[in-house]
Amino acid sequence: MKTRGILFLLMVFLAVACGEPDPMIYVEGPSEYEVSYEASDIKISVVSNHSAWGFGSDAEWLIPSKESEEILLIKVKENESYDDRKGKVTVFTGTGSDDVLATVLVSQKAKPTPTLEVSPSETVKVLAEGGQVEIDVSTNQDSWGYKSEADWLTMQKSGSKLIVDVLQNTVESPRSAVVNIYAPDSDSYTILKSVAIEQDAAVIPAQDLSQSATSNSYIITAAGKYSFTAKVKGNGKGGASLSDPSSLDPSGVKLVWQTAVGMIKSVSLDENGNICFEAGDIPGNAVIAAVDESDNIIWSWHVWFPETAVASIKTKNGHEVMNLNLGALSSSHTDGAKTLGLLYQWGRKDPFPGAGITNGGNTSTTHIDIFDIDGNPVKISNSSWFNSKDNTLEYSISHPAVCMSNYSQYSSYRGWLTSVEDNEAFWGNPEGYKRVDGEYVNAGTKTYYDPCPAGWRVPDINVFKDVTSTGGLIWAKGDTYGDLTWGDLFGSAEFTAYDYNGDGKVNFYDWFDGWYLVLGPNQYSFFPAATRYDGQYAMLMGSMVGYWANYWYNAPSDGTNGLASAMVFGTKEYSGADSVTASGVSNGSRADAYSVRCVKE
């Protein structure tokens, strides 16, 4: 301060001695400053022989001002760029910039380049069960943020970590998501890092259809993965005059046929001897077979995916009857051919596809289209018409898509097997035709050849014998669209068809290519006239669909001619239906393929 005072006195002396002094101004301290990128202030002492002095700047980021008569204040703005910069502040006497007598140089450092590091930075694998992922975040920015579009991820900060919770994957396909981490935490972030998260597909175990009981037919109600044991034939039980079956040891599996491409999407055999298959969301029917090492079929099973829920209807005689035909998709006549179901040669477990229309008329219709696993058409073939070399039980099992013809032996025996090979106990009721005091006394038991699902069996004669009041054949007289009078050789009779339209009479206004039959008090069910496969030619009698209804019982007929018991009804006139018949107990060739209406075991 003494030096400053001496200089000032010297300036005054010179001014007095020499007249008006020359303008003089200078700054104390350094004339160059180096500052960081952050905003700051520089204060400079100014010495001048003029009471007034001014200032200027060549950089908008340097803002000078006079804090006092002796102090120049320079405000330095923050450097938001990533480059160094320089500027100059001038001080001068008076008010004109031409009188510049001193300069101050300012150098400002560049803003530091932003950094952001995350760990892990590679793809993170997560199990289907879900879990937690921790991501370490390091940055030189004041803040950082995060974002993901995946709704199966929840995230939160925890200090310098991002905690990602991954929800369980419940679908059978893997999924992936990207977590974005950015700095600073604003919409105008300058740096971004991404972490990929990949989650395994859910492993949904196949539903074991045979867990509680085995059978030759399994019902499914939705798309999905299923399995059943391929070591047990049917329900694994024999019966009267039919020994229990041996176990199976398959080497592989294949789809024999399906009613819609994609109904069965895949089939396989697991290491435990279970057949595994994946069903699409397509109702229908399929046959899946176990094979030996030479690809020969050793057993086969029916998979049934109905649209109508399978349920039971209580009859007046205490039976519980299935509400639709075995293999049918619907129980309502309004659904046309979906009510027809599948057709079975008596005693065989394997079905044949029925017609695709409800009224054949004079048209020789064939069965509905069926396909293999690759979508190729499959045809139901027949054994030879001219010899019976293939009319064996072994052949029928290894060829479930072959309808067995009895043409070569029709005149002597009506079964699909030769009389030597046939067995009246196939469906568990070899003496079901016997009566005591007019009553059928044998209900039989389910066997491993029975085609019905677990808990169900082919009905015995007692189940439907009462659809006609005589139990036997009756026929209708009169106008089929007016009054029908039922009778037999001995007089009047009754048929338990349901008055569907409620006009007080049963006639062909209640016929929908089949009858609704009364089963119990306020209980009735639709029985379509699904026609049959004729046993001689082993071909579908397509022209008779909508006219002939044939439903197997589990009992053979009395005699040795290869017949079996059935409930039948039908009409023989195509445009007016002038011949209407029904029989609670009739018979048919065992080589014919009829409908089956299962009953609870």
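Is Cys-403 buried or exposed?

Author: Cys-403 is buried, with a relative accessible area of 0%; buried means under 20% relative accessible area, exposed over 50%, and partly exposed in between, using a 1.4 Å probe and protein chains only. Before going on, a word on what you're looking at: this is a predicted model, where local features need pLDDT of at least 70 and side-chain atom pairs count only at pLDDT 80 or more, while totals for chains, interfaces and linings use all residues. Residues are numbered from 1 along each chain as its sequence is written, and side-chain values use heavy atoms, with hydrogens and water left out.

Back to Cys-403: the closest cysteine sulfur, in Cys-452, is 18 Å from its own sulfur, too far for a bond. A disulfide here is a pair of cysteine sulfur atoms within 2.5 Å. Searching the whole structure turns up one disulfide, and Cys-452 is part of it, joined to Cys-598 with 2.2 Å from S to S. That link is left-handed, with -95° about the S-S bond. Cys-452 sits in the loop between β33 (439-440) and β34 (456-457), and Cys-598 in the loop between β45 (593-594) and β46 (599-600), so the pair ties together parts that are 146 residues apart in sequence. (Strands are DSSP runs of E, at least two residues, numbered from the N terminus.) Cys-452 counts as buried at 0% relative accessibility, and Cys-598 is buried at 0% too.

Now for the surroundings. A nonpolar core is a set of buried Ala, Val, Leu, Ile, Met, Phe, Trp, Tyr and Cys residues joined through side-chain atoms within 4.5 Å. The largest has 74 residues, and those with the most contacts inside it are Trp-257, Phe-277, Trp-301, Trp-427, Tyr-449 and Val-596. A second, separate core of 31 residues includes Ile-313, Leu-484, Trp-486 and Val-599. Take Trp-257: leaving aside neighbours within four places in sequence, its contacts (heavy atoms within 4.5 Å) include Asn-285, Leu-342, Pro-351, Phe-371 and Ala-401.

Elsewhere there's an open sheet of four strands in the order β9-β11-β14-β13, with antiparallel pairing; two strands pair if DSSP finds at least two bridges between them. β9 (116-119) and β13 (153-158) stand at the edges with a single partner strand each, so one side of each has no neighbour in the sheet. Six bridges join β13 to the antiparallel β14 (residues 161-166), and Gln-156 stands opposite Ile-163 in β14.
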